[in-house]
Amino acid sequence: MYIIPFPSVCQEGKPHIYIFYCMHIFPKLLHNTNNKNVRFRSIQFRTYPARSIEEPSKEKVLRGSRDGFVETIVFNTALIRRRIRNPDLVMEIASVGKSSRTDVVLSYMRERADAHFLDHIRKRLSEISIDALTMNCESLAETLCPHHWLNPFPKYKYTERPDTAASAILEGSVVLLVDNSPSAIILPTTLFELTEEANDYYLPPVTGTYLRLSRLLVNITALVLTPTWLLFLQYPQWLPDALSFIDVKDEVHVPILLQLLILEFAIDGMKLAAMNTPEMLSTPLSVIAGIVLGDFASQSGWFNPETMLYMAFVAIANYAQASYELGYALKFMRIILLTCTGILGIYGYAGGMLLCICAIAGNKTLSGIGYLYPLFPFNGKELVRRLFRVSLSDVQKR
């Protein structure tokens, strides 16, 4: 008799389960339970090549932990379990994809997560009919909420930080982990939760509150700054004397609307070029791009200095929050608002603002709650928590 000191051992007798474990590279021990049936025991002590755990490049913090999720799902569950040493923490594993058989982990706290929402997620996961999760988290997100992608505002919050995922679980949210992906999906997600960052909690309450409110104000300004400026250029009689300096001083060779739209796409082109530029060449090419798109572009007559100034602020403001999806949603709304204002004037501006409000208010989370919760529907205590960084002693203990 041999004793195998390994905790992950399961016994099965079905042929398709045997084939499934063969695809997962699990060793098998075949044995007879009686004269008719043959059963096997699957022993899991596999390991995969994995990179070291390091801080995510997009979600850096000034203070706090420096670890991040990796592509191995077992390591990611361990990083969460390390922070929540409670038997109520549940990790349910499912397999998605007919060919890929990708492991997906549903993580939540028992008695804290909404039971109906959990049943809804389990049902969605079981009903997914797809050949493979080729793009990992994004593929799973699209299959969980199909046919609802015309609205650009994100329905999920992605994070590569274990502390952010653990905090969301403790607050009653559900976290989905996908094998081969260093990101976690937090459900459900509202607009206020998307604008929160780990730095808000690793700094004192006053500083965290200032950063949170500044981030919210910068996002709103990035959405309406250039359309409002274009509107005042079309109706200079509405411009107060105190703001007369924002008017364009030099001769305009290219329409202001066209200048703004060209710069919107040029900034994205520079982002794509930066991502594909070798690291050793990134600094000199950035200097060249700044000179060409700065002084030379203004002197050539293509762009006015005021246009370059406002678009420079918008480009920097897109990085005020960590969500790529939210940044591009604001960008799409800004382009629509610019186009409507440039063509239809004040009526286009009003219609574009109405469209933005409807896109935000009409967006529904996967659980069905309002995207602007706790503003609509109103919850005063929760709204204070989302707008202000409340100290730990004032947070209601669960």
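Start by selecting helix α8 (205–234), which gives the most to the lining of the largest cavity, with three residues (helices are DSSP runs of H or I of at least four residues, and strands are runs of E of at least two, numbered from the N terminus). The model is a predicted one, in which local features need pLDDT of at least 70 and side-chain atom pairs count only at pLDDT 80 or more, whereas totals for chains, interfaces and linings use all residues. Residues are numbered from 1 along each chain as its sequence is written, and side-chain values use heavy atoms, with hydrogens and water left out.

Next, select Phe192, Thr195, Arg212, Leu213, Leu216, Arg386 and Leu387, the residues that line the largest cavity. A cavity here is a set of points, on a 1 Å grid over the protein atoms alone, where a 1.4 Å probe fits but cannot get out, and lining residues have an atom within 4 Å of a point. Its volume is about 50 Å³, taken as the space filled by probe spheres set on points joined across faces, edges and corners. Both α8 and α14 supply at least two residues each to this lining.

Then move to helix α14 (residues 380–387), where Val384 is found. Val384 is partly exposed, with a relative accessible area of 44% (partly exposed lies between buried, under 20%, and exposed, over 50%, with a 1.4 Å probe and protein chains only).

Finally, zoom out to the whole protein, which has 14 helices and eight strands, and in which 41% of the 398 residues count as buried.

Conventions
On a 1 Å grid over the protein atoms alone, a cavity is a set of points where a 1.4 Å probe fits but cannot get out, and a pocket is an open set with protein on both sides within 12 Å along at least five of seven lines; lining residues have an atom within 4 Å of a point.
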